[in-house]
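Please look over the structure below before reading the briefing that follows.

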Amino acid sequence: MTEKDKQKDDYFSSEKSSKIRSIAGLLTFSTILPINIYTSIEEMAKMTWFWPMISTLVGFFALIIGLFLNILNFPIFVISVIIYSFLIWFNGFHHLDGLIDIGDALMVHGTPEKKISVMRDSMIGTGGIALFFIVGILTIAFLNSILLIGFISSILICEMSAKVGLVSCAISSKPGNDGTGRYFIKSMTIPKFIATLIITLAIGYFFGGIIGGIWSCWRSIWRSIN
C-alpha cells in the first residue's frame with residue numbers, strides 16, 4: 001500500500017507496529033477466521049517467514065476433521081473431497097482466482113503482455129475453468145492415495161508444506177515494480193528462510209516422522225528450483 005493510500009485511511013495513521021499484530025494481520029488475510037485485525041501489506045510481509053506456521057494451524061483443523069470422519073467410517077475418497085473443500089474454503093479461496101487467470105492466459109496466443117492483460121481482466125474462460133478442475137481433481141486424487149495408506153497426518157503436513165513452497169519462491173525470486181507480492185519477496189532473508197525450514201522440519205517430523213520431515217524439506221527445494 002502506498003503512502004497516498006495510507007493517508008486516505010485513518011486506520012493506518014494510528015496503527016502500532018508489532019510482530020503479534022503482523023501475525024494476526026497475516027492470519028486475518030490468509031483465512032476466514034473472524035479475528036478482524038487488519039494491517040498494511042508491508043507490516044504483514046515482515047512475518048512472511050511465519051506463514052507456514054499459520055498454515056500448520058489450518059492443517060491441524062483439517063486433520064481433526066479428517067480423524068473425526070475416519071472414526072465415522074466415511075469412505076476415504078469422500079474424506080479427501082471434504083478436506084480439500086474445507087481447506088480452500090477456510091483459506092478464503094486464496095490463489096484460486098490466480099489459478100483460473102493462468103488457465104485463461106495459457107489459452108491465449110500472442111505476446112507476454114497480451115497474456116498478462118488476459119490474466120488481469122475480470123472474465124473467466126474455458127481455460128481457467130479447465131485448469132481449476134485439473135488441479136482440483138489431481139489434489140483430491142493425491143490426498144486420497146496417501147490417506148489410503150494410513151498417512152492421515154499428511155493432511156497437516158501438506159498444508160504446511162504448501163506455504164513452505166510459497167516462502168521458498170519468495171527467497172528465490174526478484175521483486176517486481178508493482179504488485180503486493182514484491183513486499184513479501186523483499187522481506188525474506190536467508191536467516192529467516194533457515195528459521196522457517198528448521199521449524200517446519202521439526203513440525204513435519206513430530207506429526208509424520210522421518211517421512212514428514214523429508215516431505216517438508218522436499219517441497220521447499222522443489223519450489224525453489226521450479
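Of the 226 residues in the chain, 39% count as buried.

**Helix H3 in detail**

- The residues of H3 that are buried are Ser-22, Ala-24, Gly-25, Leu-26, Leu-27, Thr-28 and Ser-30.
- With 12 residues at 1.5 Å a residue, H3 should span 16 Å, and this agrees with its end C-alpha atoms, which are 16 Å apart.
- Phe-29, which has a relative accessibility of 35%, counts as partly exposed, a value that lies between the 20% cut-off for buried and the 50% cut-off for exposed.

**Aromatic pairs**

- The structure holds 8 aromatic pairs, and one of them is the tilted pair of Phe-29 and Trp-51, with 6.5 Å from centre to centre and 45° between the planes.
- Because Phe-29 lies in helix H3 (residues 19-30) and Trp-51 in helix H5 (residues 51-71), this pair ties together parts that are 22 residues apart in sequence.
- Elsewhere, Phe-61, Phe-86, Trp-89 and Phe-90 are linked into a cluster by ring pairs.

**Helix H5**

- The buried residues of H5 are Trp-51, Pro-52, Met-53, Ile-54, Ser-55, Thr-56, Val-58, Gly-59, Ala-62, Leu-63, Gly-66 and Leu-69.
- Asn-73, which follows H5, has a positive phi, near 65°.

**The largest nonpolar core**

- The largest nonpolar core has 34 residues, and those with the most contacts inside it are Ile-83 and Ile-155.
- Two or more residues of this core are given by each of H3, helix H4 (41-45), H5, H6, helix H9 (126-148), helix H10 (154-171), helix H11 (181-187) and helix H12 (190-225).
- H5 contributes the largest share of this core, with 7 residues.
- Apart from its neighbours within four places in sequence, Ile-155 is in contact with Gly-59, Ala-62, Leu-63, Gly-66, Ile-83, Leu-143 and Leu-147; among these, Gly-59, Ala-62, Leu-63 and Gly-66 are buried residues of H5.

**The chain as a whole**

- Among the contacts in the chain with a separation of 6 or more, 67% are accounted for by residues 24 or more positions apart.
- The chain exposes about 13000 Å², of which carbon and sulfur atoms supply 70%.

**Confidence of the prediction**

- The chain has an average pLDDT of 81, and 85% of its residues score at least 70.
- Among the elements of the chain, helix H6 (residues 76-90) has the highest mean pLDDT, 93, while helix H2 (residues 10-13) has the lowest, 44.
- Over residues 4-14 the pLDDT stays under 50, and for this stretch the model has 10 contacts beyond four places in sequence.
- Where pLDDT is low, the predicted coordinates should not be read in detail.

Definitions and conventions:
Residues numbered from 1 in each chain as written. Predicted model: local features only at pLDDT ≥ 70, side-chain atom pairs only at ≥ 80, totals over all residues. Heavy atoms only, no water. pLDDT = per-residue confidence, 0-100. Helix = DSSP H or I, 4+ residues; strand = E, 2+ residues; numbered from the N terminus. Contact = heavy atoms within 4.5 Å. Buried < 20%, exposed > 50% of the residue type's maximum accessible area, 1.4 Å probe, protein only. Areas by Shrake-Rupley, 256 points an atom, 1.4 Å probe, with all protein chains shown as cover. Phe/Tyr/Trp six-rings, centres within 6.5 Å; stacked < 30°, edge-to-face > 60°. Core = buried A, V, L, I, M, F, W, Y, C linked by side-chain atoms within 4.5 Å. Expected span 1.5 Å × (residues − 1).
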